[in-house]
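My entries follow the order in which I looked things up.

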Amino acid sequence: MAKVVFEDVNKIYPDGTQAVFDLNLEVEDEEFVILVGPSGCGKSTALRMVAGLEDITSGKLTIGDRVVNDLTPKERDIAMVFQSYALYPHMSVADNMGFALKLAKVPKEEIEERVGKAADILGLTEYLERKPKALSGGQRQRVAMGRAIVRSPQAFLMDEPLSNLDAKLRVQMRAEIAAIQDRLGVTTVYVTHDQVEAMTMGDRVAVLKAGHLMQVDAPQTLYDSPDNLFVAGFIGSPSMNLAEATVRKRDGQVFVELDGGSTTMRVDERALDKYPHAADHDGGQVAVGMRPEHFALAEDVGPDQVWNGREITLVEMLGAEMLVHFKTQSPPIVSDDMREAIDDEEAFEDLKRQAASGGQTFTARFAPGNPPKVGENKDLGFRTEHLHFFDHETGKTLR
């Protein structure tokens, strides 16, 4: 097994387009690291540079104790699992899994032993004589993984391997891949645009934006303590509600003004302990973040933590939870960071329209039961110990 290290790695294409900027990232031996971000953020390019499928413009890339910048893919001792299964249709499962070993002139008995062990790990033993056309999508993806496992490589590289599966299979395969990686202990770099995959599978998650590494941390740390507005807006579903606010200090306490000053909330001391520099912006603008699950019924919080008379625009009953969408007069943060975080042109245009009209729609998450009516005005509370604070101009956290 091996450690994978990017040191100031850049990728510039012949037309001058730069896909990766000064990437510094260490993937520890046996670690499972996810590269995540919107389309075009450079995550697949970074993975392909590890594989040797893309040349490195500058910087240094090491696998184990070797600098691999100039090594061919074959010389790097890695195994890649692609989005497409790329199985040979005329070969059995066993032959597909053992084909690379056969090309490497590994003895037949050893091939059979390695294939048998991999099939046992992947639950494919009873399918070894079948052809790919007789398998389901999930089984084919397991065969593609088996082809990588039998090689006993220093590292696995996975490029959106679940994107061709339906939603139910993706959930099942997420758990299976994570369990297999943990059992094998192979260093793994996994690329996805799906933040749910990233949050549920990796030991650490590296969030990329336009070729820049924005933050790398444990999944829960990314969620609870984002370093900047981009990560705050990208990680989480539904995403964090973000808005402009004005900070006010009075009588030894800190307040935030929302809705253009018409709503004032007292900031709980626990939020100020986490974001000590928020209080430095007295009289100035900041960006505040509110996770949907931290809204509450007005009667469950203090009177100075209530957003009065919110018009309900949509209620989504999702079985285990209820999402309540409501109008505000707080302008959204419309920045390059947010454009990158919202990987949907129509959603971003809607955000801009809301900004131009002076307000935006927020989303709150509640337990199901007694849903408000659309068009109703309702008082909603927010547990302000969970407020997040960011610099309005730079987008960086105010910790």
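**Entry 1: helices α4 and α5**

I began with helix α4 (residues 137-149) and helix α5 (residues 167-184), which pack at an angle of about 20° with their axes 11 Å apart. Helices here are DSSP runs of H or I with at least four residues, strands are runs of E with at least two, and both are numbered from the N terminus. Axes are lines fitted to C-alpha atoms, for helices over the stretch in contact, and angles run from 0 to 180 degrees between N-to-C directions.

I noted the source too: this is a predicted model, where local features need pLDDT of at least 70, side-chain atom pairs count only at pLDDT 80 or more, and totals for chains, interfaces and linings use all residues. Residues are numbered from 1 along each chain as its sequence is written, and side-chain values use heavy atoms, with hydrogens and water left out.

How do α4 and α5 run relative to each other? They are therefore roughly parallel. That label covers angles under 35 degrees; over 145 is roughly antiparallel, 65 to 115 roughly perpendicular, and the rest oblique.

Next I listed the residues that touch. From α4 come G138, Q141, R142, M145 and I149; from α5 come L169, Q172, M173, E176, I177, I180 and L184. Contact means heavy atoms within 4.5 Å. I sorted the residues of this contact by class and got seven nonpolar, three polar and two charged. Ala, Val, Leu, Ile, Met, Phe, Trp, Tyr, Cys and Pro count as nonpolar, Asp, Glu, Lys and Arg as charged, and the others, Gly among them, as polar.

**Entry 2: α2 against α4**

I then turned to helix α2 (residues 93-103). Its axis and that of α4 come within 7 Å and cross at roughly 35°. The crossing of α2 and α4 is right-handed. V93, N96 and M97 in α2 meet V143, G146 and R147 in α4. By class, this contact has three nonpolar, two polar and one charged residues.

**Entry 3: the six-stranded sheet**

Which order do the six strands take? I read β6-β7-β8-β3-β9-β10, an open sheet with mixed pairing. Two strands pair if DSSP finds at least two bridges between them. The edge strands are β6 (78-81) and β10 (212-217), and each pairs on one side only. Neighbouring strands are turned by 20° against each other on average, direction ignored.

Inside this sheet I followed β7 (residues 155-159) and β8 (residues 187-192), which run parallel and are joined by five bridges. F156 has T188 in β8 as its bridge partner.

The helices of Entry 1 come back here. α4 lies across β6 and β7, at about 175° to β6. α5 lies across β3 (32-36), β7 and β8, at about 140° to β3.

**Entry 4: the five-stranded sheet**

I found another open sheet, with five strands in the order β15-β19-β16-β17-β18 and antiparallel pairing. β15 (295-297) and β18 (361-366) stand at the edges with a single partner strand each, so one side of each has no neighbour in the sheet. The twist averages 55° from one strand to the next.

β16 (residues 306-317) and β17 (residues 322-327) pair in the antiparallel sense over five bridges. In β17, L314 has H325 as its bridge partner, and I312 has F326. The hairpin of β16 and β17 has four residues between the strands, and G319 takes a positive phi near 85° there. β16 also pairs with β19 (residues 377-382), antiparallel, over four bridges. V306 has G381 in β19 as its bridge partner.

**Entry 5: another hairpin**

β12 (residues 253-258) and β13 (residues 263-266) pair in the antiparallel sense over four bridges. E257 has T264 in β13 as its bridge partner. Four residues lie between the strands of this hairpin, and D259 takes a positive phi near 55°.

**Entry 6: aromatic pairs**

Last, I looked up ring pairs. Rings of Phe, Tyr and Trp (its six-membered ring) pair if their centres lie within 6.5 Å; planes under 30 degrees apart count as stacked, over 60 as edge-to-face and the rest as tilted. By this rule the count comes to nine. The rings of F295 and F326 have centres 5.5 Å apart and planes at 80°, so this pair is edge-to-face. F295 lies in β15 and F326 in β17, so the pair ties together parts 31 residues apart in sequence.

How values were computed:
A crossing is left-handed if the near helix is turned anticlockwise from the far one by less than a right angle, and right-handed if clockwise.
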